[in-house]
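Student: I'd like to learn how to read a protein model. Could you walk me through one?

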Amino acid sequence: MGAGPAGLLLSQLLHLAGIDSVIVENRSREYVIERVRAGILEQGTVDLIREIGAGERLMREGLPHEGIHIRFDGMRHRIDLAALTGGRHITVYGQNELVRDLIGVREATGRPLFFEASDVSVHDFDSARPSIRFQAEGEEQRIACDFIAGCDGFHGVCRQSIPPADLRIYERDFPYAWLGILAQAAPSCDELVYSRHERGFALFSMRSPSVTRLFLQCAPDEDVDQWPDDRIWEELCTRLGTTDGWRPNRGPILLKGVTGMRSFVAEPMRHGRMFLAGDAAHIMPPTGAKGLNLAASDVRNLAAALAGYYRSGGETLLDEYSGKCLSRIWKAQRFSLWMTAMLHNAPGSDAYEGRRQTAELEYLMGSKAAMTSLAENYVGLPMD
Ligand code: APR
Ligand code: PHB
């Protein structure tokens, strides 16, 4: 269920293991290909994409980054990710570009992928014969299956079809959100810049040598109409600019939007013959750039467990799926929350909190151990 990164990666892993699948997606092909979302791939995610034969354009157009900058007290401070992690790095590549590539790979297999499915529902996943029903291509469709993979994102039907008493939800809301833009402007720095500023967090990122992606901390209910282009650029330059005169290049704004921030985990990730993966089971604030990468590690485990089942009939790996994923997910929750708390300015927070954040940042930049901890989490903890 779902043709996001989780569903598409899983289906290709299954295909390579000789396992049939049907992908059911409720949005249109154009919508999923054009929707601008995350953009940072961990080394392990890139390796997985290459292993399944979907990495050709990623290797050509993806931007490998060996470091990031943290800006505070008017200066940019570089963290050398590669030097601190034995050469590991991240790659900047838009999630929508990845989805476009994965749809191409899926379509080349000739296996089914339904877009614009409506009235989607899942049934009998607590039995040996689950099924999925939906409307698509003008007909009522019913798929009888061995397993359902709930890769249908945070708002999907799979998690919501599980009886609430069988789910434990862990949740945290944040008193801020991100106002994000995409701009036709060459990035003025080769690497990302995460900024703590007394006016609020800001982030400098990119999508290509000619497109910059930028974010400003804002209120959860921020009205984008109150942010004409000039106001956005002024605020970005104030929060990101440094005393040496560095600031982002300006250019036409191609897109504006508010991204909410939330931490959420639903446990367990298996319910009979239905398995949740990716955003369907967990989300976290985008500060650590972990969402897309966790979706990849979830489905890597799920594909291995399903392949094991079809090889031997044994359910050991299926039984271990939820616990194995959750161990990595909670470490990513911890890291995302830590990055978020270090860099954001919570409304109403006091002077003590500001001094604590500065001390945290000064300690980080002054300690190789602390920088290594950030670096190994940022490039991605081991997937196994
Ligand atoms: N039926 C079928 N498909 C559905 C349904 C439904 N009822 N509800 C949602 N979907 C689709 C969505 O349209 C979307 O294309 O499921 C897909 C889920 O994809 P994502 O939301 O991208 O989630 P996931 O694949 O887990 O990707 C991980 O990490 O970077 C973060 O949040 C970002 O999307 C990213 C995620
Ligand atoms: C992005 O480029 O979309 C991006 C980068 C880093 C983050 C979050 C989002 O932490």
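Tutor: Let's begin with one residue: leaving out residues up to four places away in sequence, S205 touches I40, L192, T212 and R213. Contact here means heavy atoms within 4.5 Å. This is a predicted model, in which local features need pLDDT of at least 70, side-chain atom pairs count only at pLDDT 80 or more, and totals for chains, interfaces and linings use all residues. Residues are numbered from 1 along each chain as its sequence is written, chains are lettered from A and ligands numbered from 1 in the order in which they are written, and side-chain values use heavy atoms, with hydrogens and water left out.

Student: Is S205 buried or exposed?

Tutor: Buried means under 20% relative accessible area, exposed over 50%, and partly exposed in between (1.4 Å probe, protein chains only). S205 has a relative accessible area of 4%, so S205 is buried. You'll find S205 in strand β15 (residues 202-208). Helices (H or I, at least four residues) and strands (E, at least two) are DSSP runs, numbered from the N terminus.

Student: How do I find empty space?

Tutor: Rolling a probe the size of a water molecule over the atoms shows where empty space is left. On a 1 Å grid over the protein atoms alone, a cavity is a set of points where a 1.4 Å probe fits but cannot get out, while a pocket is an open set with protein on both sides within 12 Å along at least five of seven lines; lining residues have an atom within 4 Å of a point. Grid points are joined across faces, edges and corners, and a volume is the space filled by probe spheres set on the points. This structure holds two cavities of 30 Å³ or more.

Student: Which residues line the largest cavity?

Tutor: Its lining is E42, K290, L294, R328, K331, A332, F335, N377 and L381. Helix α10 (residues 316-343) gives the most, with four residues. The volume of the largest cavity is about 60 Å³.

Student: Which helix supplies the largest share of the lining of the second largest cavity?

Tutor: That's helix α6 (residues 95-109), with three residues. The second largest cavity has a volume of about 50 Å³, and its lining includes Q95, N96 and V99.

Student: What is the volume of the second largest pocket?

Tutor: The second largest pocket comes to about 510 Å³. Of the 24 residues that line it, the closest to its centre are D20, S21, V22, C145 and F147. The largest share of the lining of this pocket, four residues, comes from α1.
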